[in-house]
Amino acid sequence: MSNRNILQALQSAGGAGGAGLDVDEVFSTHLYKGGTNSNTITNGLDLDGEGGLVWIKNRGSTQNNWLLSEDLGSNHPLSSNFNKGTSGNVSSYFGSSPLYTFNNNGFTTAAMSQLQTTNNKYVSWSFRKAKNFFDIVTYTGNGQTNRQISHNLGSVPGFMLVKRTDGIKDWAVYHRARGATEYGTLNTTEVFYDNNTWWQDTAPTSTNFTVGNSAFTNGNGQTYVAFIWAHHDQNGTFGPEANQDIIHCGSYDGNGSTTGPIISINTGFEPQWLLMKSNSESGSWFLFDVMRGIETGYKDAIQYAESAYADETGYEVLDVNSNGFQLKYGGSNLNGSNGSYIYVAIKRGSLFTPEDATKVFSANITTNSSNTHNLGFVPDMNINTPTTGSNNRYIIPRITGHKYLATESTAAETTISHGTFEMWDDNSGTIDLDAAWWGGTANIVSWTWKRAPGYFDVVCFNGTGNARNVTHNLGVAPEMIWIKGRSTADNWGVWHKGLSDNAYLMLNQYSGETTNANIFPATDPTASVFSVGQDGSVNDSNNPMIAYLFATCPGVSKVGSYTGNGTNQNIECGFSSGARFVLTKNINNSVGNWSVWDTARGLTASPNSYWIRLNGTNAHNNSYDWLEPYSGGFKVLYGGNANSPNNNGENYIFYAIA
């Protein structure tokens with residue numbers, strides 16, 4: 001049993017020090033393509049045993065939002081953009097056959113066009129029932145005032161949707177920022193209104209919510225469903241210590257600026273899903289998620305809860321950051337001057353340190369007509385290059401979506417137009433570099449990382465030109481950092497714990513360590529911040545920057561250093577089955593490359609292992625027997641060459657993944 005499962009078992013048994021659930025055990029944004037047969041979506045949520053809600057939307061065509069729950073029945077969906085009940089939706093769009101089944105690790109949709117038109121792209125947002133996160137209640141109205149409806153959320157709701165299921169009525173919305181004196185309607189663009197018959201002007205509690213005699217929430221003899229979300233403000237019960245917040249229902253005032261107000265979520269988490277609405281004027285219910293794309297410095301993918309429209313991708317609306325999000329759009333729908341707005345945000349990423357490297361890293365090589373790889377995890381960063389010829393080393397993070405840099409180049413980032421290829425937004429758990437990317441699919445090596453606590457993180461920040469600290473979500477002190485200006489031509493700045501004080505390297509060059517306190521001050525990073533100086537390569541004034549943070553994660557990854565001995569030596573990493581990826585750099589020699597070995601291209605004792613450099617465009621080669629497998633990490637062999645990873649008396653830094 002893993003450490004995480006032991007902690008959760010202790011908690012279930014009432015033991016001290018128990019762990020809470022993870023974000024990815026109660027919420028999932030999963031992308032998929034429709035087909036002609038039933039489609040099983042594996043998202044890791046136990047929807048069968050625990051129950052929950054699945055919200056599905058066709059991304060490329062005008063089709064309705066469909067909300068599915070076993071509390072409604074397997075052939076009784078609701079639509080957020082309709083006021084119809086379940087029977088009205090079935091008669092208009094579906095037959096009498098079951099539409100879906102919930103499974104212990106996801107759900108299965110039937111072969112019905114509203115849920116999976118062949119080759120159409122879909123997004124599914126799944127919410128599993130869990131204490132202090134999400135609950136579903138069904139009830140029959142009695143037409144009386146001041147009626148209390150019990151729920152099992154276990155905390156005070158922050159956001160509720162109530163819908164009559166046996167007839168036509170608008171969706172009733174409660175949001176804590178508007179209070180129980182007001183209601184909204186999810187299927188319209190209307191503002192919130194004051195009416196005491198909907199929520200009886202009574203705030204919900206940790207055990208119940210109150211309805212009046214309105215037919216929208218409590219008509220006599222009419223049936224209803226309530227979807228109920230928690231609000232966390234330093235009272236979350238998730239993660240290793242069962243004390244982390246994962247959902248926040250908040251509000252903000254707009255300023256009409258494209259550098260709009262920064263929305264600070266009290267717990268400091270980075271959102272992966274947002275539902276937003278103006279409450280001062282009519283406007284849409286905006287839906288954003290990082291899977292379809294909340295792209296820092298580029299256009300975002302927008303959906304609307306009250307509309308059947310396809311994804312809209314023509315606007316840069318917002319950026320996420322380590323503790324919230326910032327509006328990049330000055331329109332009245334989301335950021336009007338003197339406007340007021342509400343939102344629901346769910347935290348990005350796992351809360352637990354990974355224990356299995358295959359769940360957070362993959363090395364792949366393509367030799368056939370397809371360059372799509374099933375990873376088994378949601379990818380957050382990829383480096384790819386052909387192994388033959390002279391080519392760039394492209395590095396692409398999900399957080400910037402359709403923008404990429406090259407590790408061997410000083411050039412500013414380049415934008416990939418939407419639709420050129422489907423690297424991030426095709427199917428969840430895959431990486432897709434089709435023929436449109438390299439003009440072919442043969443001999444492409446691809447290394448892919450997932451962000452996870454204690455292992456790897458990506459941070460976008462704006463440079464100031466003044467020495468400063470930058471916040472991150474790695475959860476431990478990073479041991480290696482790569483930084484690059486996104487809009488300017490400049491070197492990559494690299495800090496590594498194995499360097500001297502005030503020293504730095506450049507990822508795009510083979511030179512050894514150089515001392516410059518204006519790049520990396522002699523201040524070690526912490527579990528929450530890292531320090532940069534005033535130099536433009538790491539902190540260019542008024543320009544966007546990106547940082548990649550790496551750490552030692554026991555049994556998964558190792559950031560370290562060693563001194564070459566010129567013969568053979570085993571480099572211990574704490575692995576049990578050797579390294580699948582190794583990056584080495586000579587920090588003394590003025591011509592030492594950033595050299596990469598991996599098992600996808602063959603990390604072997606015989607024939608020689610292939611290596612390829614990140615700081616150059618050369619093809620990979622195996623002319624020398626420089627690095628071989630070793631169960632505890634990797635083995636470096638003889639030196640005698642500037643590019644060797646084991647020259648006698650010279651110092652090396654490395655990064656390895658099991």
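Six strands line up as an open antiparallel sheet in the order S16-S24-S18-S19-S20-S21. Strands here are DSSP runs of E with at least two residues, helices are runs of H or I with at least four, and both are numbered from the N terminus. Two strands pair if DSSP finds at least two bridges between them. At the edges stand S16 (247-253) and S21 (312-315), each with a single partner strand, so one side of each has no neighbour in the sheet. On average, neighbouring strands of this sheet are turned by 30° against each other, direction ignored; the axes are lines fitted to C-alpha atoms, with angles running from 0 to 180 degrees between N-to-C directions.

A word on the source: this is a predicted model, where local features need pLDDT of at least 70, side-chain atom pairs count only at pLDDT 80 or more, and totals for chains, interfaces and linings use all residues. Residues are numbered from 1 along each chain as its sequence is written, and side-chain values use heavy atoms, leaving out hydrogens and water.

Back to the sheet: S18 (residues 271-278) and S19 run antiparallel and are joined by five bridges. One of the residues involved is Trp273, whose bridge partner in S19 is Asp289.

Now for the rings. The structure holds 57 aromatic pairs, meaning rings of Phe, Tyr and Trp (its six-membered ring) with centres within 6.5 Å; planes under 30 degrees apart count as stacked, over 60 as edge-to-face and the rest as tilted. Here are two of them:

| Pair | Centre distance | Plane angle | Type |
|---|---|---|---|
| Phe192 and Trp285 | 6.2 Å | 55° | tilted |
| Trp198 and Phe216 | 4.4 Å | 15° | stacked |

Phe192, in the loop between S12 (182-183) and S13 (193-194), is 93 residues from Trp285, which belongs to S19 (residues 285-289). Both Phe192 and Trp285 are buried (under 20% relative accessible area; exposed is over 50% and partly exposed in between, with a 1.4 Å probe and protein chains only). Trp198 is buried at 3% relative accessibility, while Phe216 is partly exposed at 22%.

Both pairs also have a lysine to mention. Lys169 lies over the face of Phe216, 5.5 Å from the ring centre, and the charged end of Lys277 sits over the ring of Trp285, 5.8 Å from its centre. The criterion is NZ of Lys or CZ of Arg within 6 Å of the ring centre and within 35 degrees of the ring normal.
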